[in-house]
Amino acid sequence: MREKLQRFMAGRYGADELGKALNAVALVCLVISLFVSKLPVLYVLLYNAGLLLLIYNCYRMFSRNIAKRYAENQKYRNFRYRMVTKWDAAKKRFAQRKTYRFFKCPDCKQKVRVPKGRGKICITCPRCKREFIKKS
């Protein structure tokens, strides 16, 4: 049986990070749909979304177009990396909120950190070297 499965999956894409994420979202949709059965519209919406995600993931796993599935997974990984990076930066800014103020450069939108309680100060953007005045 194992050998037959291996022969069947030869040349097919298989599981990846995007597939795992799709399965997780589908599972969440299906579990939530169990608890909202008294709201028929929301129940049908969540239940169908969960099933469609599972079907799409099966399609991706059994696909023979490996290059396209790999590109989809790379897009997901890049998106996830950007979100994790933004989340980590937000956590760091939140932890430093008592001692620093954060401003955006009016030109290049670079975030600049300055110490709190210094009154009006002239801030020089490290990226574009523009100077702007803000109250810290």
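**Chat notes on the chain**

User: Where is N65 found?
Analyst: N65 sits in the loop between α3 (40-62) and α4 (66-95). Helices here are DSSP runs of H or I with at least four residues, strands are runs of E with at least two, and both are numbered from the N terminus.

User: What should I know about the model itself?
Analyst: This is a predicted model, where local features need pLDDT of at least 70 and side-chain atom pairs count only at pLDDT 80 or more, while totals for chains, interfaces and linings use all residues. Numbering starts from 1 along each chain as its sequence is written, and side-chain values use heavy atoms, with hydrogens and water left out.

User: Back to N65. Is it buried, exposed or partly exposed?
Analyst: N65 counts as partly exposed, because its relative accessibility is 39%. The cut-offs are under 20% relative accessible area for buried and over 50% for exposed, with partly exposed in between (1.4 Å probe, protein chains only).

User: How far apart are N65 and L39?
Analyst: 40 Å in space, C-alpha to C-alpha. In sequence, N65 and L39 are 26 residues apart.

User: Zoom out. In what order do the elements run?
Analyst: From the N terminus, α-α-α-α-β-β-β-β. That is 4 helices and 4 strands. The radius of gyration is 24 Å, well over the 14 Å of the globule rule for 136 residues, so the chain is more spread out than a compact globule. That radius is taken over C-alpha atoms, and the rule is 2.2 Å times the number of residues to the power 0.38.

User: What does the C-alpha trace span?
Analyst: About 75 × 45 × 25 Å along the principal axes.

User: How much of the chain is buried?
Analyst: Buried residues are 22% of the 136. The chain exposes about 10,600 Å², and carbon and sulfur atoms supply 62% of that. Areas come from the Shrake-Rupley method with a 1.4 Å probe; for residues, only the protein chains shown count as cover.

User: What about contacts in the chain between residues at least 24 apart?
Analyst: They make up 40% of the contacts between residues at least 6 apart in sequence. Contact means heavy atoms within 4.5 Å.

User: New topic. How do β1 and β2 run?
Analyst: Antiparallel, with 5 bridges joining β1 (residues 100-104) to β2. Pairing needs at least two DSSP bridges between the strands. K104 stands opposite K111 in β2. The two strands form a hairpin with 6 residues between them.

User: Which residues are on the covered face of β2?
Analyst: V112 and V114. The uncovered face of β2 (residues 111-115) has K111, R113 and P115.

User: What phi does K109 have?
Analyst: A positive one, about 65 degrees, although K109 is not a glycine. K109 is in the loop between β1 and β2. It is exposed, at 53% relative accessible area.

User: And K129, where is it found?
Analyst: In the loop between β3 (120-124) and β4 (131-135). K129 also has a positive phi of about 65 degrees and is not a glycine. Its relative accessible area is 58%, so it is exposed.

User: Last one: how many positive and negative charges?
Analyst: 33 positive and 7 negative, with mean positions 8 Å apart. Lys and Arg count as positive, Asp and Glu as negative; His and the chain ends are not counted. Charges are placed at NZ of Lys, CZ of Arg, CG of Asp or CD of Glu.
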